[in-house]
Structure formats: structure tokens, C-alpha cells
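These are my notebook entries on a structure that I am reading for the first time.

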Amino acid sequence: MIQSYKQKVELSENYDAIIIGSGMGSLTTAALLSKEGKKVLVLERHYTAGGFTHVFKRKGYEWDVGIHYIGEVQNPNTPIRKMFDYVSNNQLKWADMGEVYDKIVIGDKTYDFVKGVKNFKSKMHEYFPNDVKAINDYVQLVFDSNKSMKKFYLDKSLPNFLSNFLGFFLRKEYLKFSSRTTYEVISSLTENKELIKVLTGQYGDYGLPPKQSSFAMHASVVKHYFNGGSFPVGGSSQIAKTIDKVIESSEGTILTKAEVSSIIIENNTAKGVVMSDGKKFYSDLIISGTGVFHTYNNLINEKIRIKHGFDKNLTKVTPSVAHGCLYIGLNGTSEELKLPKSNLWIYPKDLDHDSAVSRYLKDNDSEFPLVYISFASSKDPSWQSRYPNKSTIDVITLLPYERFLKWEGTSWMKRGEDYEKLKVKITNRLLDHLYDQLPHLKGKIDCCELSSPLTTKNFVNYNKGELYGIDHTPTRFSQKFLRPKTPIKGLYLTGQDIVSAGVGGALFSGLITASAITKVNFMKKIYK
Ligand SMILES: Cc1cc2nc3c(=O)[nH]c(=O)nc-3n(C[C@H](O)[C@H](O)[C@H](O)COP(=O)(O)OP(=O)(O)OC[C@H]3O[C@@H](n4cnc5c(N)ncnc54)[C@H](O)[C@@H]3O)c2cc1C
């Protein structure tokens, strides 16, 4: 049954804008349109709002699903922080993770990623004294790539006629970085395999190892965290909670358990949506933040899909890898359990990232190519008052969707004994990694639960359980259809697929979508 995110709400049939999905991109567009006086309806199929920024509670614990750290929010003058302040009416607060945000663990060696570009460079020089020039050149390229990003995304918010005219010039600089793989760029600076492995040690943040990922994506993630990581005070759910108030102030609302089954299109014009229970809502402005695969394969009829070549466009991009997360609850405070704030990225010693991924895809029982450990409860200063004497840990690895194919179509929590057995096997392997790093936690775990790609599909509606929407390959960045405006009048896209994965990427997607719709220069407005 459809329900309001709040207690009581009067629903209309007509809205100024209808937004499908309540992820970061959708919520940002919703807030910006609301602040322009529009009455916005956000429709979310899950029982709670936020998309990957949602949290879930079980057995007296709370876990954040898709936020472990966000960069560039400590400084009140960065574009990301300004945008968060604007869309939340200054209600979102951020807690700094401290000097070391990521630790790259390769065998018995650990490499710290420390806050501040200068410190980062010095630390890398310390670890790799023979590669000082390569490290400096690498950092410079990271900045150069990011510098050209602004114009690239400006093109996406332009009307088609202007983009046809100016787009080439706006995109061309960034495409120089995005069309090369991360490996191509870094290996042109150094032959030191260990250095390459360390510098690409955050590849899990965008899901593709260096020989497959676009350097532009790598560079945007690396720069994003150069000044450290932060966590939302009060947990990730604060994002939807604070933005909800902004939407409400313009008489809009977020509905949960509200699944859209199709978009009503007449004469190539979007008119409204049909819900899974048959109810209809109408608007001249429909925005989908549910990913390009879901939007074009499921929400639009086949005739229109083919007419506009959406089916062909979708063959040019691929769904990103899927993942599993072991959500762990422990009795005791983070201090008592000596839980760090830094994230751990654990990699096999014997192979480079690409070879480790290939080996694992061939043999799922071989060593995990990547294990990521995040200590959410130690990052949130409000945690102990909300959950006294408890702590949480998330342990994540890549899990191919295909491994879970035989349970496709089964229901959540009722997938059968074999599925549970496989989960126990993976859980034990992940716990071994945790105990390798923090042996004193043996015997301290109160409860744990593993999510699988089917969990992601069930709750966030990515058909192949995608971790990050579409893959961040060089090809992705040259796809012109990944922009807010669609060829259907009144239908727009937002969310990670039109910019990039990451809460920052999705936040920015919301801004360019709202700009494309209203022609308002939100960046200027927000900076004021
Ligand atoms: C495990 C994990 C860890 C991550 N860690 C970080 C991190 O530390 N830092 C960071 O910056 N980023 C992180 N990310 C990435 C980040 O969370 C996402 O890139 C971002 O939140 C995606 O936002 P979005 O706007 O694209 O929407 P999504 O979050 O993808 O939300 C889409 C929403 O649409 C809804 N929907 C789908 N179909 C329908 C329908 N038919 N009707 C109604 N609603 C529908 C879904 O239920 C969902 O709520 C992580 C992601 C994952 C999965």
C-alpha cells in the first residue's frame, strides 16, 4: 500500500513535477524545484526514502547502505557542501573522519591515504621514494582532469540546439581524460606495479579495476577525497529527512511503497505516471532517477523505446558489478572495541587489480579481489547517544550477479536452504578478513547479515543488482544520451547514470537536471 513518508498528507492528482525514485539525484532535483515554488511528488517503491542513502534497522542496530564517506563537505565553500547546505536548508551536518581516510592493505603492507594534497603526496613519496616525479605528475593529472569536468557537465544541462552548437568545445578537454583507462594514464608515468596498485586502491569506489575504468572517473573519486572523508551526523537517513522538509514547504511530498509501473506518454509528451496498483498521477514534468536501464526498459513502452533508439543506446553501456555487504552488529562502544574511522581496502598480494578480478570471476571460490571494511558507528558522533553500547561494521566484496541467478524470482528472506548456505560460506570468508585486520574482535560479534545482489535488486531495483548503476568505462563518458533531457517532451533523467556514481555525483546530477528543466543557474544561486 502506498504510504506517505510522513504521517498525514493530502494527495492531489496533479503536480508541477513528478519524480520517480528518491535517491540522491531525485531528492536534489526535488529540493531545487521545490525551492523554485514547484509542488513536487516523489514516488519511491521502497518502504523508506533515500535510495542508496537509506538506512535499515534490525535487532537494535542501524546500518547505512550506500554511504561510508563523502569528500569535500568539511570546507563550507566547496560546491558539494554548498549544494548540500542549499538542498537541506543548512540542516545537514558532517563529521570529519580524521587524518587517514583510507588504508590500502596489500599483504602485510598498509598504505595510508592522508588528508590534504601536500600530505598525500609526501606520504606517497615516503612509500615510493624512487617515484617522486611520477607521483607529482599523477596528482597534477588528477587536478587537470577535474578542471575540465565543469564544462563537460555544463553541456549536459544545455538545450539540445545549444549543445549541438557548443557541445563539442565544452566536452573535448574532458574527453581527453575520460577516453583513456586509468591504467593507460598511470602506467605512462611509472612502471612501478606496487605504486599503480596503491594509487588505484580506491577502485572499489567506482567498481572497475584500472584497465577497464575511465581515468576521468578515477580522478574525480581521488580528488573528491583528497581533503579527507566525512560522515553525515545522525547517519545517512538525515539526507532524506532534511530534504523532505524542503519539499514539504512547497506543498510537495515523498511517498514510499509507491512503485511506478509506467510513464504515461501521449504524442511524444510525458503526461503522468501509472502506479503498480493502477493509480495515476499527472504532471507535465516527469523525472526518472531510477537508472537508464530501468527507465527505458521498464517504464516506457516498447514502441517508444524503439522509435527513439533507446534500446540501441542501452547496448553501448553495461550494468556495473554487483556486491555483497556483511552488516555486523557488536556489543560495546567503538572506543571499547578499538574500531578505527579509516576505511580498509584489502587486496590480494600476488596479482594486480585486473588480474585478481579476472581470476575471481573465473573461480568465485578464489581469493576475493577486494574486501572493503568500513566502521560506520565510529564515524558518527551521534551514534552512541542513539545506540548506546553498540557498534557496527560493514564488510563489502564484489559478488557477481550470475552467481545468484538461480534464486532470481524468489522472495526476500525466503530464498531457500542452498542460498542461505552460500551466504554462510561467504560470511565466514569475509569474517576471516575482518579478524586478520582486527583479531581482537573474535567473539565480540552480536549479529551479522549478508546482503547479496538479489538484495540490491529487491530494495533499490537495479535489475542485475548493480552496485553503481552503469559501468564507468571510457565509452560511457562519450554517450550523449546520458543527459537530463530526453527526446520525449517533459521527460527528464537524473541520478548517478547521467553523471557518475557516488553521492556527490548523484547530487550534481540533481542540479543539472533541475537546471535543464528551469534554465535557472543554480550554481550561481547557491553560491550567493
Ligand atoms: C554498497 C555501496 C556503498 C556506497 N558507498 C558510497 C560512499 O561511501 N560514498 C559515496 O559518495 N557513494 C557511495 N555509494 C554510491 C552512492 O550511494 C550512489 O551512487 C548514489 O546514492 C546513487 O544515487 P541515485 O540518485 O542514482 O539513486 P539511487 O540511490 O540509485 O536510488 C534510485 C531509487 O529509485 C527507486 N526506484 C527504482 N525503480 C522505481 C520505480 N519503478 N518506482 C519508484 N521508485 C523506484 C529505488 O527504489 C531507489 O530508491 C555507495 C553505493 C553502494 C551500493
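Predicted model: local features only at pLDDT ≥ 70, side-chain atom pairs only at ≥ 80, totals over all residues.

**Entry 1**

I looked up Ser 509 and found it buried, at a relative accessible area of 0%. Residues are numbered from 1 along each chain as its sequence is written, and side-chain values use heavy atoms, with hydrogens and water left out.

Ser 509 belongs to helix H20. I take helices (H or I, at least four residues) and strands (E, at least two) as DSSP runs numbered from the N terminus. Thr 28 is 481 residues away from Ser 509 along the chain, yet I find their C-alpha atoms separated by 8.1 Å.

I then turned to Ala 258, in the loop between strand S11 (253-256) and S12. Ala 258 counts as buried, at 1% relative accessibility. From Ala 258 to Val 42 I read 9.0 Å, C-alpha to C-alpha, across 216 residues of sequence.

**Entry 2: positive phi**

I noted a positive phi near 50° at Asn 267, a residue other than glycine. Asn 267 sits in the loop between strand S12 (260-266) and strand S13 (269-275), and at 75% relative accessibility it counts as exposed.

Lys 519, also not a glycine, has a positive phi of about 65°. I place Lys 519 in the loop between H20 and helix H21 (522-527); its relative accessible area of 58% makes it exposed.

**Entry 3: the ligand**

Which residues come nearest to the ligand? I list Glu 44, Phe 52, His 68, Tyr 462 and Gln 496, out of 37 residues around it. To be near, a residue must have a heavy atom within 4 Å. By class I count 19 nonpolar, 15 polar and 3 charged residues in this shell. Here Ala, Val, Leu, Ile, Met, Phe, Trp, Tyr, Cys and Pro are nonpolar, Asp, Glu, Lys and Arg are charged, and the others, Gly among them, are polar.

I read a distance of 2.8 Å from a backbone N or O atom of Gly 25 to an oxygen atom of the ligand. For a backbone N or O atom of Met 24, the distance to a ligand oxygen is 3.2 Å. A polar side-chain atom of His 294 is 3.0 Å from a ligand nitrogen.

Taken alone, the ligand exposes 1000 Å², of which the protein buries 98%. Areas come from the Shrake-Rupley method with a 1.4 Å probe. Helix H1 (24-35), helix H18 (453-460) and helix H20 (503-518) each give two or more residues to the shell.

Where does the ligand lie relative to domain 1 and domain 3? It lies between them, because domain 1 (3-92 + 233-316 + 479-527) and domain 3 (318-460) both give residues to the shell. The bounds come from an automatic or database domain assignment.

**Entry 4: cysteines**

I searched the whole structure and found 0 disulfides, a disulfide being a pair of cysteine sulfur atoms within 2.5 Å. The sulfur of Cys 325 has its closest cysteine sulfur in Cys 448, 11 Å away and therefore too far for a bond. Cys 448 is in no disulfide either, and the nearest cysteine sulfur, in Cys 447, is 7.1 Å away. I record Cys 325 as buried at 1% and Cys 448 as partly exposed at 34% relative accessible area.

How values were computed: Buried < 20%, exposed > 50% of the residue type's maximum accessible area, 1.4 Å probe, protein only. Polar contact = N/O pair within 3.5 Å; in protein donor to acceptor, adjacent residues only side chain to side chain.
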